[in-house]
Structures are given as structure tokens and as C-alpha cells.
Amino acid sequence: MPVEMSRERFEELVSEALDEVPPEFARAMDNVVVLVEEFNDEAPDILGLYHGVALTERTSSYGGVLPDRISIYRQPILAMCEDEDEVVEEVLITVVHELGHHFGIDDARLHELGWG
């Protein structure tokens with residue numbers, strides 16, 4: 001049975017996960033926004049998605065572009081968790097995973113690091 005949680009509470013958890021990012025990484029984040037969405041239309045089971053150009057792939061011609069987006073999908077996360085503690089943990093894992101992509105870390109390495 002999926003966890004029931006208001007959107008506001010879920011957004012608080014995402015904000016709290018972002019607060020866990022070490023300051024040196026938070027300062028390095030550039031032109032990126034984190035959004036809560038209900039689910040991804042094309043892949044409704046994914047938990048998060050990074051849309052943008054990773055910091056490691058940006059060149060001197062990078063500029064004048066809209067911010068990268070990190071989407072955290074509320075419904076799939078709530079559906080896979082049994083209680084709020086699991087939601088807290090999964091939100092943190094998903095936020096860190098997608099931020100990893102912003103920093104240019106691929107899925108395989110994120111899984112090796114335990115953020116899979």
C-alpha cells in the first residue's frame with residue numbers, strides 16, 4: 001500500500017534532502033533547479049530525472065540557457081515505500097542520485113557509491 005503524504009510534506013522532504021548536500025557541492029551547483037512532479041509521463045515508474053548539461057560537459061560556449069532541471073517524482077516514490085521513514089530515505093537517495101548527474105557522474109558509478 002503506498003504511503004499517503006501531502007505534496008507540501010513531500011516538498012519539505014526534498015528541501016531537507018537538499019540541505020544535506022555538503023556546502024562545497026552546494027556552492028558548485030550551477031544553473032539548476034529541483035522540482036517536485038507527480039510522475040514522468042514517458043516513464044511513470046522512474047523516481048527522478050536530470051534534464052540538462054552536466055557541469056563536466058559545459059564548455060566556454062555554455063550560457064544564456066534555461067536552468068537544468070532535476071525532477072523528483074512523488075507518486076512512484078510514495079508507491080514503493082511502506083512508511084514515512086522509507087520515503088525520507090528514498091527522497092534523499094533520489095535527490096543525491098540526480099545531483100550526481102548534474103556533476104557528471106553516471107548511473108554505474110552512482111550505484112557503486114550506494115546512490116542507486
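# Exercises on a predicted model

Helix α4 (residues 84–102) contributes four residues to the lining of the largest pocket, the most of any contributor. The model is predicted: local features need pLDDT of at least 70, side-chain atom pairs count only at pLDDT 80 or more, and totals for chains, interfaces and linings use all residues. Residues are numbered from 1 along each chain as its sequence is written, and side-chain values use heavy atoms, with hydrogens and water left out.

**Exercise 1. Describe the largest pocket and its lining.**

Step 1. On a 1 Å grid over the protein atoms alone, a pocket is an open set of points where a 1.4 Å probe fits, with protein on both sides within 12 Å along at least five of seven lines. Lining residues have an atom within 4 Å of a point.

Step 2. Take the volume, the space filled by probe spheres set on the points. The largest pocket holds about 250 Å³.

Step 3. List the lining. It has 13 residues, and Val-21, Pro-22, Phe-25, Val-96 and Leu-99 lie nearest the centre.

Step 4. Sort them. The lining has 11 nonpolar residues, one polar and one charged. Nonpolar here covers Ala, Val, Leu, Ile, Met, Phe, Trp, Tyr, Cys and Pro; charged covers Asp, Glu, Lys and Arg; the others, Gly among them, are polar.

**Exercise 2. Classify the packing of α1 and α4.**

Step 1. Find the angle. Helix α1 (residues 7–19) packs on α4 at about 50 degrees, with the axes 9 Å apart. Axes are lines fitted to C-alpha atoms over the stretch in contact, and angles run from 0 to 180 degrees between N-to-C directions.

Step 2. Apply the cut-offs. Under 35 degrees is roughly parallel, over 145 roughly antiparallel, 65 to 115 roughly perpendicular, and the rest oblique. Therefore α1 and α4 are oblique to each other.

**Exercise 3. Is Asn-31 buried, partly exposed or exposed?**

Step 1. Locate Asn-31. Its place is the loop between α2 (23–28) and β1 (32–37).

Step 2. Asn-31 has 27%, so it is partly exposed.

Step 3. Check the backbone. Phi of Asn-31 is near 55 degrees, a positive value in a residue other than glycine. Most residues other than glycine have a negative phi.

**Exercise 4. Is Glu-57 buried or exposed?**

Step 1. Glu-57 sits in the loop between β2 (48–51) and β3 (68–73).

Step 2. Its relative accessible area is 56%, so Glu-57 is exposed.

Technical notes:
Helices (H or I, at least four residues) and strands (E, at least two) are DSSP runs, numbered from the N terminus. Buried means under 20% relative accessible area, exposed over 50%, partly exposed in between (1.4 Å probe, protein chains only).
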